[in-house]
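Keep the sequence and the 3D view open as you read.

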Amino acid sequence: MLVSPSLLSGDFSNLASSCRRMQQAGADWLHLDVIDGVFAPNITFGVPVVKALRKETDLFFDLHLMIVNPLKYIDAFADAGADIITFHIESESDPAAVIEKIHTRGIKAGIALKPGTSAEAVKPYIDMADMILIMTVEPGFSGQSFMADMMPKLKTVSEWCAGKDKWIQVDGGIGTGNIELVAQNGANVAVSGNSVFCAEKPQEVIADFHRY
Ligand code: DX5
Ligand code: ZN
């Protein structure tokens with residue numbers, strides 16, 4: 001399991017130190033939640049913050065765009081230093097066009113599904129995408145409860161991706177109590193906000209995730 005700590009649970013008065021803390025704790029990626037206050041009910045940070053943090057760490061930047069019009073911002077986030085850009089299938093942009101645009105920038109493309117969206121919706125795009133993100137909370141905030149009822153959807157998508165060398169990411173309420181369950185259902189990248197950031201010893205939580 002790859003571990004991508006979500007900076008949304010970091011210290012917003014010192015995000016650079018939060019990045020370094022996660023790198024030292026053994027994080028594989030860093031998850032950056034960009035929310036526009038329209039697609040989901042929170043406003044986090046955007047291009048300038050990603051660009052500024054890019055100078056602070058060489059961690060793989062895993063951008064999760066919860067914005068209405070991802071297509072419009074791909075170039076800006078690619079310039080800012082994203083390594084993978086994940087956008088929502090429920091956004092207003094055409095998914096195939098967004099994936100194509102991301103790939104023209106030479107970076108990886110992920111496609112995310114909110115809890116209410118069926119697995120079938122993503123099926124036509126699986127071959128194009130590098131990663132599928134199955135949300136296990138409603139987009140917006142860290143610290144929400146994990147939705148175990150997303151496991152059948154996770155399993156279905158994982159089975160469709162079998163043998164295709166895809167990342168299957170889960171995001172929302174992931175912790176030591178459910179990491180085994182998501183791994184059993186096919187996840188191979190775990191986003192974790194509060195469970196990692198609020199831990200006294202984040203390295204122990206990350207090491208535990210790495211066992212799966
Ligand atoms: C929610 C974000 C998540 C969130 C995860 O909209 O996509 O990445 O920060 O935080 P936890 O792990 O605390 O649920
Ligand atoms: Zn996220």
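## Ground rules

This is a predicted model: local features need pLDDT of at least 70, side-chain atom pairs count only at pLDDT 80 or more, and totals for chains, interfaces and linings use all residues. Residues are numbered from 1 along each chain as written, chains are lettered from A and ligands numbered from 1 in written order, and side-chain values use heavy atoms, without hydrogens or water.

## The zinc site

Four residues coordinate the zinc ion (ligand 2): His31 (NE2), Asp33 (OD), His64 (ND1) and Asp171 (OD), at 2.0 to 2.2 Å. Donors are N, O and S atoms within 2.8 Å of the metal (3.2 Å for Na, K and Ca). Along the chain, their spacing reads H-x1-D-x30-H-x106-D. His31 sits in strand E2 (residues 29-35) and Asp171 in strand E7 (residues 167-171), so this pair ties together parts 140 residues apart in sequence. Strands (E, at least two residues) and helices (H or I, at least four) are DSSP runs, numbered from the N terminus.

His31 counts as buried, at 0% relative accessibility. Asp171 is also buried, at 9%. Buried means under 20% relative accessible area, with a 1.4 Å probe and protein chains only.

## A loop residue

Thr57 lies in the loop between helix H2 (47-54) and strand E3 (60-66). Thr57 is buried, at 7% relative accessibility.

Leaving out residues up to four places away in sequence, Thr57 touches Cys19 and Gln23. Contact means heavy atoms within 4.5 Å.

Technical notes
Buried < 20%, exposed > 50% of the residue type's maximum accessible area, 1.4 Å probe, protein only.
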